[in-house]
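Dear colleague,

Please find the structure for your review below. My notes on it follow directly after.

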Amino acid sequence: MPTANTASRTTAPKPAPDASSDFYQLADLLTSEEKALVRKVRTYMETKVQPIINKYWSDDAFPFELLPSFKELGLGGLGFEGYGCAGGSQKLFGFVAMELARTDASLCTFFGVHSGLAMGSIYLDGSEEQKQKWLPAMARWEKVGCFGLTEPLVGSGASGGLTTTAKRDGDSWILNGQKRWIGNAPWCDLSIIWARDLDDNQVKGFIVENKSSPGFSVEKIERKMALKVVQNGHITLKDVRVPEANRLQGGNSFRDTARVLRMTRYMVGWGSTGIQMGAYEAALTYAQERMQFGRPIASFQLIQDLLAKMLGNLTACQCLMLRLAQLDDEGKLGDHHAALAKAFCTAKARETVAWGREVLGGNGIVADYNVGRFFADAEALYSYEGTYQMQNLIVGKAITGYGAFL
């Protein structure tokens with residue numbers, strides 16, 4: 001007859017818990033309709049994107065084969081009302097962004113550049129006529145856009161230092177200059193270009209139709225180490241003529257540009273939280289399956305410590321972003337709120353993905369295991385849409401009353 005100790009050794013182990021990154025059950029705060037859309041996006045990303053994304057990431061290529069099915073998700077203009085846009089709350093917008101980034105940050109960036117930055121510029125700064133003309137087609141993804149603000153020599157200093165210029169010439173404008181790191185630019189249909197008006201020295205926005213504007217050219221940026229799937233471009237504008245009808249009628253100073261950035265900046269918080277979700281779930285699943293010394297490494301104290309810290313980071317970011325979405329829906333979102341979220345969430349994402357890489361050991365640098373991709377992509381999110389340091393200076397000015405930018 002077996003002893004008690006023998007019986008305990010032969011008892012089948014309990015099944016491992018599911019690798020869920022919603023530890024505080026925040027999805028319960030969504031409506032049934034919102035949950036259905038989030039599930040639809042998750043299913044799409046797991047079944048259509050995950051099987052092929054590592055190859056495209058390794059090849060530095062965009063999966064154009066996915067565009068027809070991606071359009072069917074109906075996400076164009078999510079969070080915007082009217083003009084054929086998907087509508088919905090900012091909370092829903094955020095949960096969808098997390099789901100996209102949970103599988104791939106590049107597709108989340110592609111979505112954010114088009115639906116957030118490009119459509120958002122027209123939605124917030126365009127005239128009624130411009131909204132009616134451009135937004136419905138963009139919401140259907142028939143016209144894909146990009147957002148040209150950053151320049152080869154101007155990043156954080158864009159508010160007062162843009163070198164791309166605009167000169168009024170009768171019923172049109174002449175644009176000259178360069179833009180760099182512009183997501184979607186190598187292949188999309190239209191660009192929102194921000195340029196300094198030579199007459200009044202103010203920043204103004206223009207809708208440039210890439211493929212039919214003489215003097216407009218794009219060179220793809222090669223050999224990136226992060227966000228390799230989304231295609232970034234170096235735009236050159238040489239005497240590009242844009243009709244006055246394509247000047248954003250409400251985009252007449254950098255304050256108008258900043259209204260767009262405020263909205264999309266905190267989307268980066270959602271995206272960097274989604275990266276953490278993907279890295280945590282991949283690391284946890286790996287730890288449950290990886291055997292060393294006859295046991296799953298998930299049973300080791302040091303591995304559990306890493307996983308708990310990963311979960312703590314991503315849960316804190318989820319809660320912060322949820323409150324930010326509530327502020328936005330209530331019309332209370334300020335630049336300083338968005339800046340704190342972007343800085344905090346992207347910094348925590350760097351920690352979280354690094355711990356995930358550590359859990360996987362050597363396999364953590366192999367694309368097939370996903371965590372290495374998250375590890376690299378987090379570096380781009382940490383810097384784009386305003387650096388960590390610039391976000392902290394925006395917060396610092398809000399809480400002290402003193403600007404310390406120079």
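**Gln276 and its surroundings**

The side chains of Gln276 and Thr352 make a polar contact at 2.7 Å. Please bear in mind that this is a predicted model. Gln276 belongs to helix α8, which covers residues 254–289. The relative accessibility of Gln276 is 0%, so the residue counts as buried, the cut-off for that class being under 20%. Neighbours within four places in sequence set aside, Gln276 is in contact with Asn313, Leu314, Cys317, Cys345, Lys348, Ala349 and Thr352.

**The annotated domain**

A UniProt record, an unreviewed entry, places the feature "domain: Acyl-CoA dehydrogenase/oxidase C-terminal" at residues 258–399. In the model, this span is 79% helix and 3% strand.

**The cavity search**

How many cavities of 30 Å³ or more does a search of the whole structure find? The search finds 1. The volume of the largest cavity is about 40 Å³, and its lining consists of Phe62, Pro63, Leu66, Leu67, Phe70, Leu107 and Phe110. Two or more residues of that lining come from each of α3 (67–71) and α5 (105–125). By residue class, the lining of the largest cavity divides into 7 nonpolar residues, with no polar and no charged ones.

With kind regards

Key: Residues are numbered from 1 along each chain as its sequence is written. This is a predicted model: local features need pLDDT of at least 70, side-chain atom pairs count only at pLDDT 80 or more; totals for chains, interfaces and linings use all residues. Side-chain values use heavy atoms; hydrogens and water are left out. Helices (H or I, at least four residues) and strands (E, at least two) are DSSP runs, numbered from the N terminus. Buried means under 20% relative accessible area, exposed over 50%, partly exposed in between (1.4 Å probe, protein chains only). A polar contact is a pair of N or O atoms within 3.5 Å; within protein, one must be able to donate a hydrogen and the other to accept it, and residues adjacent in sequence count only if both atoms are side-chain atoms. Contact means heavy atoms within 4.5 Å. On a 1 Å grid over the protein atoms alone, a cavity is a set of points where a 1.4 Å probe fits but cannot get out, and a pocket is an open set with protein on both sides within 12 Å along at least five of seven lines; lining residues have an atom within 4 Å of a point. Grid points are joined across faces, edges and corners, and a volume is the space filled by probe spheres set on the points. Ala, Val, Leu, Ile, Met, Phe, Trp, Tyr, Cys and Pro count as nonpolar, Asp, Glu, Lys and Arg as charged, and the others, Gly among them, as polar. UniProt positions are given in the numbering used here, feature names are shortened, and annotations may be inferred rather than shown by experiment.
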